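Hi,

Here is the structure I said I would pass on. Have a look at it first, and then read my notes below.

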Amino acid sequence: MREVLAQAAFQLFLERGFERTTVDDIVARAGVGRRSFFRYFPSKEDAVFPDHESCLAEMTEFLSAVDDGDPVGAVCDAARIVLRMYADNPEFSVQRYRLTREVPGLRTYELSVVRRYEQTLAGHLRNRFGEGGDGALRAEVIAASVVAAHNNGLRLWLRSGGEGDPEVAVDHALALVREVWGRPSAPVAPAPAPARPFPVSGGGGGEGEVIVMVAQKGTPMWRVVQQIEAAVGEN
């Protein structure tokens, strides 16, 4: 019934336009009552994306069982589950992409769906990297990178009308993510110690006093000058 309703809804969206199609129109085409529609879809928008809930559940299940040895590789592989969902029905995927481009409300809805995928990936990575230090930040950035890379390749395929193999572009984009983020994170270098001025007496009072500056290599010149000025002012 869910599939029948989704097909009826999408046919009407293509024939009449999304805005001009009502829920009553959809249930009439499907031959069911309004209660049946809302049992499966909270809104018209949900009927445009009937497969994302099951795809999100599959992704969650995949990540819960995946090996912990390569977390970046795992989330890249999880993104391919979404790609396969689109590739399994190219005609529908291309038509939905074109419809979504035409209806701002559907575009907004699609962004909320994408965000749910991103949060699922980030949650998996946080469990691996931890919440302390930069763990949470790293998880969010990698998840966003995976989603952006996946969507870049997917949309190239959709804009082509579903021609060719969508995995080629997506695999290339995800390989870049793995190259950048799959390496162990480099330790952050400690900040250079501040310049430390101290006076050395010249033996002749204030006019003979010399300021000696000791600064760690790599200290910015503006910091050295700042400390000299402060020391001269103090003396």
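This is a predicted model: local features need pLDDT of at least 70, side-chain atom pairs count only at pLDDT 80 or more; totals for chains, interfaces and linings use all residues.

Residues are numbered from 1 along each chain as its sequence is written, and side-chain values use heavy atoms, with hydrogens and water left out.

Of the 235 residues, 37% are buried (buried is under 20% relative accessible area, exposed is over 50%, partly exposed is in between; 1.4 Å probe, protein chains only). Among contacts (heavy atoms within 4.5 Å) between residues at least 6 apart in sequence, 60% join residues at least 24 apart.

Now for helix H7, residues 90-102. How far apart are its end C-alpha atoms? They are 19 Å apart, which agrees with the 18 Å that 13 residues should span at 1.5 Å a residue (the expected span is 1.5 Å times one less than the number of residues). Phe-92, Ser-93, Val-94, Arg-96, Tyr-97, Leu-99 and Thr-100 are buried in H7. The helices that the buried residues of H7 pack against include H1 (2-16), H8 (104-129) and H9 (135-159).

Next, the insides. A nonpolar core is a set of buried Ala, Val, Leu, Ile, Met, Phe, Trp, Tyr and Cys residues joined through side-chain atoms within 4.5 Å. The largest one has 35 residues, and Met-59, Val-75, Val-82, Tyr-117, Leu-121 and Val-146 have the most contacts inside it. H5, H6, H7, H8, H9 and helix H10 (166-181) each give two or more residues to this core, and H6 supplies the largest share, 10 residues. As a general point, nonpolar side chains tend to be buried together in soluble globular proteins.

Finally, Met-1 sits in the segment before H1. Is Met-1 buried or partly exposed? Met-1 is partly exposed, because its relative accessible area is 45%.

Enjoy exploring!

Key. Helices (H or I, at least four residues) and strands (E, at least two) are DSSP runs, numbered from the N terminus.
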